[in-house]
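Hi,

Here is the structure I promised to pass on. Have a look at it first, and then read on for what turned up.

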Amino acid sequence: MADFGFRLSKSSTLDLDRIDTKVYDRLCDTDPDARTCMACGSCSATCTAAPFSGMSMRKVILGLQRGQDVRPMLSNCMLCGKCTMVCPRGINTRHLILSICRIYDR
Amino acid sequence: MNKNIVIIGGGVAGMEAAKQLLSLGYTPMIVEKAQSLGGHVASWYKLFPDMTPASAIVDQLRKDISGANVFTGTKVVSISKDRESYAVVLDNGVSISAQAILFATGFSLFDATKKEEYGYGVYDHVVTNGDLEAWFNGKADKRISSSPKAVGFVHCVGSRDLKAGNSQCSKVCCTTAIKQAIEMKEKFPEADIYCFYMDLRLFGKKYEDFYINAQRDFGVHFIRGRVSEVGETIDGRIQVKAEDTLSGKPLKVQLDTLVLMSGMVCNKSVGELAPQVRLDMDDDGFLRSKDNIYDILRSNRPGIFYAGACTGTKTVPETLAEARAAAVEIHNYLRNG
Amino acid sequence: MIDRIPSGFHPFVLPFLIGMAFVLLYCVYGIFRILFQLPHEDRRKFLLSLINPVTAAKNVRDIFCDCLLHVKLWQRNPMLGFMHSSIAFGWFMLILLGHIEVFLFVPTRINLFYYPIFFNYFVAEVDQTMNGAFLFFLSDFFLLVVLCGIVLAWVKRIRSRLFGMRRTAVPSLVNRIAMYALWAIFPLRLLAETFTAHISGGSFLTGPGNWLFRQILGNDLYYMPTWWAYSICLCVFMCLLPFSRYMHIPAEMMLIPMRNAGLKIRHARKGLAKLQVLTCPNCGVCIDACPMSVSKANIKDCTVYLTRQIRRGNEKRIAEISDKCLLCGKCEALCQVGVQGPEIRIKQREARKFNISQDYSNISVAAPSSTGKVLYFSGCMSQLTPSIGRSVVSILDKAGVENVWMDREGGLCCGRPMLTAGRTDEAMALVHKNEEAILASGADTLVVSCPICYRMFMENYTLPGVRVVHYSVYFDELVKAGRLHLVKSDLCYVYHDPCELGRGCGIYEEPRRLVGQSAAIAEADKSHKESICCGGSLGSLSLSFRQREKITQAALENLYTSKADAIATACPLCQATLSRYSDRPVRDIAEIIDRQSTPTT
């Protein structure tokens with residue numbers, strides 16, 4: 001490739017008009033409570049898997065809202081349920097994880 | 001005027017309303033369950049945003065209402081409708097036929113032991129905002145370190161928390177936390193002060209400036225993440241776990257004292273009185289006003305009025321303004337009725 | 001007594017024969033099908049158990065006690081017990097008596113299948129003997145017993161509360177028809193035998209009945225239709241049996257030996273699971289037992305409806321019911337036939353597809369060095385109830401037990417939440433990680449405070465040389481050995497049995513003994529194996545926070561019946577859940593013991 005002295009790199013802007021939130025929408029069908037997340041981070045702070053993988057339920061929900069692939073984030077989840085216990089909005093985050101595991105195509 | 005007005009609660013709301021009613025020519029009666037007047041404000045040290053000493057306000061109000069009938073250390077046992085008036089029975093045996101009743105019952109601080117994960121009553125160095133104010137006022141408290149390297153404030157303890165039974169915001173705790181953080185920093189300039197918040201809600205007059213001060217002049221660290229676990233290290237320090245949601249990483253920090261910003265819940269004794277005269281409770285657990293916009297001070301029963309934090313979380317100036325307005329409402333009611 | 005019909009046959013027996021042939025063929029096919037569905041080693045284990053004299057004797061005894069006499073039902077409620085055993089045992093005796101009569105009076109007909117059933121039609125009484133009178137008396141007596149049972153069954157449908165049941169399952173259409181057929185069989189038999197009593201002989205019911213009817217009706221035209229109706233009812237009942245709840249009668253006779261052989265459910269729908277589903281008699285005891293049934297909306301999620309939906313193959317409802325359950329185990333504890341509701345549900349969860357699987361290969365757990373010491377595992381949930389861990393360590397220190405708190409700074413999950421979610425492989429991966437760390441530590445005793453973890457350790461961990469012990473048992477031993485001295489306080493506690501500890505691991509007495517030595521203790525209305533789940537259980541995947549609140553309130557109402565000042569429990573999850581709504585303190589037993597104990601030295 002010719003060197004023009006500059007490169008075209010993918011825009012790092014989050015273009016809300018173009019993102020694909022199909023997974024999030026399907027999640028909200030089964031778990032409408034997901035919409036009430038206020039991103040307080042309680043779930044991530046108490047998470048048993050977080051110290052090993054940076055697992056964060058907050059980031060998973062946000063990632064889905066922004067159309068990102070969240071599968072790698074869930075790899076260390078142990079389904080221990082502490083995130084559900086501490087959620088101040090009463091979201092059943094544990095069920096959310098199971099639902100997400102079902103929604104993605106293999 | 002020979003109309004009887006009973007004010008339940010001798011905090012700033014009750015006292016301010018009494019003051020206004022006195023000036024309108026009534027002789028109201030204040031019933032306060034504590035041994036002295038002043039309520040929560042009396043136990044506070046300084047008030048935001050101008051660091052006004054709380055005692056100055058309470059002392060002035062106490063002077064202003066010297067003409068009222070005051071029963072301290074007294075509880076209302078029962079209220080019942082008696083034709084056009086209400087029969088109010090007190091636990092000292094006094095019974096009053098009141099033409100109007102003002103609920104100035106205020107709030108209770110959320111019981112922080114309910115959030116066991118924060119370790120109040122379990123660990124040696126965890127206190128509430130109320131405990132800290134008492135300490136500022138000179139009460140000894142072994143839990144508050146005398147030479148702290150780090151102090152933390154946890155916002156929203158028992159507020160915005162469905163699990164704790166309160167989904168509403170307690171409104172004043174953000175500003176209170178900043179106030180207390182500044183006060184701690186003034187006492188211990190070497191200490192690191194951390195505030196763990198979900199959202200900072202600094203809505204009132206000069207509150208944002210207060211926040212800027214805390215950042216610029218006092219170097220208070222603000223961390224956006226709700227604390228979910230509190231542990232104790234082997235040497236007895238407090239270890240807080242939260243997520244630093246802005247960097248997206250789990251965070252832990254060791255502290256010498258942890259202050260829990262307990263939220264406001266409706267005064268528990270209201271639960272006993274309200275059903276006797278069938279007063280409605282709102283979804284947030286506080287008394288329900290006749291209308292939440294244009295009839296905040298009236299209840300669903302004629303002759304029963306509200307002022308202050310009994311209908312929801314309020315700041316001191318808001319409470320005082322409501323109390324003044326309630327006095328006018330009562331005056332109009334008695335004059336027309 | 002002689003044969004009245006020379007051919008020994010009449011067309012009215014045909015419906016009965018068709019029904020009987022159908023049900024027998026179906027059962028034989030079913031037995032082989034279920035045997036075939038068992039994994040090879042299970043089938044071998046089962047068949048070997050049948051020829052083992054000890055288990056064989058137990059099988060016979062259990063079948064007699066459970067299927068015929070319904071001993072467990074008698075213990076639960078005498079009315080319910082009487083109703084079931086009068087029908088089952090009475091019917092069994094009628095069939096047995098029929099055979100004895102054929103054998104004694106017309107032995108040449110013993111090879112005819114229908115003869116003992118319709119004996120009274122085919123014989124004529126020519127000489128009265130003591131034997132005959134006695135047998136006729138017995139068959140009238142047992143017929144009366146069965147009829148009493150039928151009357152009670154009818155009363156139960158209208159007023160189940162008299163039988164100790166608040167709610168019963170709503171019968172499906174097939175069940176309803178089969179039930180009416182069953183109810184009709186015995187009155188028809190009474191009528192048929194009454195009408196022929198002047199020919200075949202009768203006793204205290206049929207004899208006078210015959211005389212009465214002959215006075216009223218004056219001819220014999222009506223007895224043939226009655227025998228036909230009797231036979232047809234038998235046919236209807238037997239033809240519907242495989243598709244109705246009455247399948248539980250033959251299925252239970254196979255389930256009992258399988259249970260005694262120690263088989264476990266391996267497949268969601270096949271083998272033992274299938275047999276348990278067929279064994280569910282739809283009695284509905286599990287409805288009252290289920291903590292979720294405090295909400296009307298959840299009643300159709302009880303085990304009786306799970307078995308029904310599995311039989312119907314309604315996948316959507318099966319998934320819903322399986323995911324909602326708290327796995328508290330109360331339905332299983334109270335089930336009269338031993339349907340393992342929770343286990344069947346876990347297998348349904350396991351059978352569903354997940355498109356992401358977890359991987360823990362990146363995780364390594366540092367092994368704490370604790371040779372010769374006691375290792376303490378508090379479990380991840382206890383991070384949210386910090387007083388438990390602190391109290392346990394404090395008690396161990398007081399008793400002079402050298403200890404290391406393995407997951408003080410947090411550790412791995414024990415794997416049970418993963419297992420109950422139906423993801424066995426991932427759960428076992430966690431188990432192996434923890435096993436490695438524990439074995440590498442060199443400890444010989446592992447004290448566990450969380451009952452969820454404890455059950456997992458007991459059922460799924462292999463830790464050679466390490467004694468896994470629940471803290472209540474360990475502290476009880478310390479007190480007995482005199483290493484810990486408890487002083488009674490003035491408080492009165494009611495002990496809430498955590499599901500995983502009580503029904504799950506059978507530990508009921510040690511926690512009570514410890515609380516009883518530290519304070520006064522009272523019992524709630526429902527306790528021990530009947531205790532009510534706090535509603536916080538991780539067993540449920542789909543119950544929302546709001547739906548759980550009602551369950552917790554019901555559990556608290558039950559605990560309040562004791563009038564105790566405070567609630568004691570032995571599970572971090574129960575403690576957190578109950579204290580959310582409780583009007584009185586909820587404390588873990590470790591906290592109570594720590595407050596009330598002094599070292600004895």
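Let's start with B:V151, which sits in strand β12 (residues 150–157) of chain B. Keep in mind that this is a predicted model. Is B:V151 buried or exposed? It is buried: 27 other C-beta atoms lie within 10 Å of B:V151, and 20 or more is what it takes to count as buried. Leaving aside residues up to four places away in sequence, B:V151 touches B:M184, B:A191, B:I193, B:L255, B:D256, B:T257 and B:V259. Take B:L255 from that list: B:V151 and B:L255 are 104 residues apart along the chain, yet 5.4 Å separates their C-alpha atoms.

B:L255 also takes us to a sheet in chain B, since strand β17 covers residues 249–255. The sheet is open and has three strands, in the order β15-β16-β17, with antiparallel pairing. β15 (229–232) and β17 of chain B each have a single partner strand, so one side of each has no neighbour in the sheet. On average, and ignoring direction, neighbouring strands here are turned by 25° against each other.

Zoom in on β16 (residues 238–244) of chain B and you'll find seven bridges joining it to the antiparallel β17(B). Two of the pairs to look for are these:

- B:Q239 faces B:Q254 of β17(B).
- B:E243 has B:P250 of β17(B) as its bridge partner.

β16(B) and β17(B) form a hairpin with four residues between the strands, and there B:G248 adopts a positive phi near 75°.

Now over to chain C, which has an open sheet of its own. Which order do its strands take? There are four of them, arranged β9-β8-β10-β11, and the pairing is parallel. At the edges are β9 (520–522) and β11 (586–588) of chain C, each pairing on one side only. From one strand to the next, the twist averages 40°. Further in, β8 (residues 492–495) and β10 (residues 566–569) of chain C are paired in the parallel sense over three bridges, and C:Y495 has C:A568 in β10(C) as its bridge partner. Lying across β8, β9 and β10 of chain C is helix α25 (residues 509–518), which runs at about 175° to β8(C).

The helices of chain C deserve a look too. Two packed helices are described by the angle between their axes and the distance between the axes. For α1 (residues 13–37) and α11 (residues 223–240) of chain C, the axes come within 7 Å and cross at roughly 15°. That angle makes α1(C) roughly parallel to α11(C), and the crossing of the two is left-handed. On the α1(C) side the contact is made by C:V13, C:P15, C:F16, C:I18, C:G19, C:M20, C:F22 and C:V23, and on the α11(C) side by C:S231, C:I232, C:L234, C:C235, C:M238 and C:C239. By class, the residues of this contact are twelve nonpolar and two polar, with no charged ones.

How do α15 (residues 303–312) and α16 (residues 315–324) of chain C pack? Their axes are 9 Å apart, at an angle of about 155°, and α15(C) and α16(C) are therefore roughly antiparallel to each other. This crossing is left-handed. C:Y305, C:L306, C:Q309 and C:I310 of α15(C) meet C:R317, C:I318 and C:I321 of α16(C). Those residues comprise five nonpolar, one polar and one charged.

One more helix: why is α13 (residues 272–279) of chain C described as largely enclosed by the rest of the structure? Because eight of its eight residues are buried, C:K274 and C:Q276 among them. What do the buried residues of α13(C) pack against? Their neighbours are α1, α12 (248–260), α15 and α18 (341–351) of chain C.

Enjoy exploring!

Notes. Residues numbered from 1 in each chain as written. Chains lettered and ligands numbered in written order. Predicted model: local features only at pLDDT ≥ 70, side-chain atom pairs only at ≥ 80, totals over all residues. Pairing = 2+ DSSP bridges. Axes fitted to C-alpha atoms, helices over the stretch in contact; angles between N-to-C directions. Contact = placed C-beta atoms within 7 Å. Parallel < 35°, antiparallel > 145°, perpendicular 65-115°, else oblique. Left-handed = near helix turned anticlockwise from the far one by under 90°. Nonpolar A, V, L, I, M, F, W, Y, C, P; charged D, E, K, R; others polar. Buried ≥ 20, exposed ≤ 12 C-beta atoms within 10 Å, placed from the backbone.
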